[in-house]
Amino acid sequence: MAGDPAVPEGISVRPASERGDLERIARMKSEVWGADYSWVAADLHHRLASDPENLVVFMAEASGVVVSAAWLEINPCTDFAGLWGGSTLPAWRGRGIYKALVSARAQVAAARGVKYLQVDASADSEPILRRLGFRAITTTTPFVWTPPARGNPHAT
């Protein structure tokens, strides 16, 4: 993606190509969200190993430091793909890096025949996506389910 006008100067955007990249992405996400996101590396590694054609993970680096990352998940046998996982270190926001990651993922999606991109956008991402031509068609309400403790199927 070097030389791509959508990529800010001093930033390189590339697909994550190895387990070490995924671990660096997980550390960056942990820093962004203030929680342990180490599980992300294992999850993405497993998903890339089991279905490499339908998941593309991108990372943005500045001087070898992962400053942002996001992935494209193609839904096979449909016209749809999802943009997921977008995170940017706070000190690097407002420089067009998230926009460059949206562009990189959209280019791959288009090249693979995807007609529609779906994004569950945060309040931070929504204005950027609107400027890029995305439009809201509905909203979602996230829920978290925690399985009951073992041995107590009636616990809530």
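Which residues have the most contacts inside the largest nonpolar core? They are I11, V13, I25 and V57, in a core of 39 residues. This is a predicted model, in which local features need pLDDT of at least 70 and side-chain atom pairs count only at pLDDT 80 or more, while totals for chains, interfaces and linings use all residues. Residues are numbered from 1 along each chain as its sequence is written, and side-chain values use heavy atoms, with hydrogens and water left out.

**Nonpolar core**

- A nonpolar core is a set of buried Ala, Val, Leu, Ile, Met, Phe, Trp, Tyr and Cys residues joined through side-chain atoms within 4.5 Å; buried means under 20% relative accessible area, exposed over 50%, and partly exposed in between (1.4 Å probe, protein chains only).
- Two or more residues of the 39-residue core come from each of α1, α2, β2, β3 (65–74), β4 (80–88) and α3 (97–111). Helices (H or I, at least four residues) and strands (E, at least two) are DSSP runs, numbered from the N terminus.
- The largest share of the core, 8 residues, is given by α3.
- Leaving aside neighbours within four places in sequence, I25 is in contact (heavy atoms within 4.5 Å) with A16, V57, F58, M59, V66 and A69.
- In soluble globular proteins, nonpolar side chains tend to be buried together.

**Strands and hairpins**

- Strands β2 and β3 run antiparallel and are joined by 8 bridges; two strands pair if DSSP finds at least two bridges between them.
- L55 has E73 in β3 as its bridge partner.
- The hairpin of β2 and β3 has 2 residues between the strands, and S63 in the turn has a positive phi of about 50 degrees.
- β3 and β4 also run antiparallel, with 6 bridges between them, and L72 stands opposite L83 in β4.
- In the hairpin of β3 and β4, 5 residues lie between the strands, and C77 takes a positive phi near 65 degrees.
- Of the 10 residues of β3, 8 are buried, which leaves the strand mostly covered.

**Salt bridges**

- The structure holds 8 salt bridges, each a side-chain nitrogen of Lys or Arg within 4 Å of a carboxyl oxygen of Asp or Glu.
- D21 and R24 form one of them, with the closest N and O atoms 3.7 Å apart. The two are 3 residues apart in helix α1 (residues 19–33), so about one helical turn separates them.
- D21 is buried at 4% relative accessible area, whereas R24 is partly exposed at 22%.
- R24 also meets E61 in a salt bridge (2.8 Å, N to O). Because E61 lies in strand β2 (residues 55–62) and R24 in helix α1, the pair ties together parts 37 residues apart in sequence.
- E61 is buried, at 11% relative accessibility.
- D43 and R47 meet in a salt bridge (3.3 Å, N to O); both lie in helix α2 (residues 39–50), 4 residues apart, about one turn of the helix.
- Both ends of that pair are partly exposed, D43 at 29% and R47 at 22%.
- Elsewhere, salt bridges that share partners join R14, D21, R24 and E61 into one network.

**Other sites**

- R95 lies over the face of W92, 4.3 Å from the ring centre; a charge sits over a ring if NZ of Lys or CZ of Arg is within 6 Å of the ring centre and within 35 degrees of the ring normal.
- T139 lies in the segment after α4 (126–131) and is exposed, at 70% relative accessible area.
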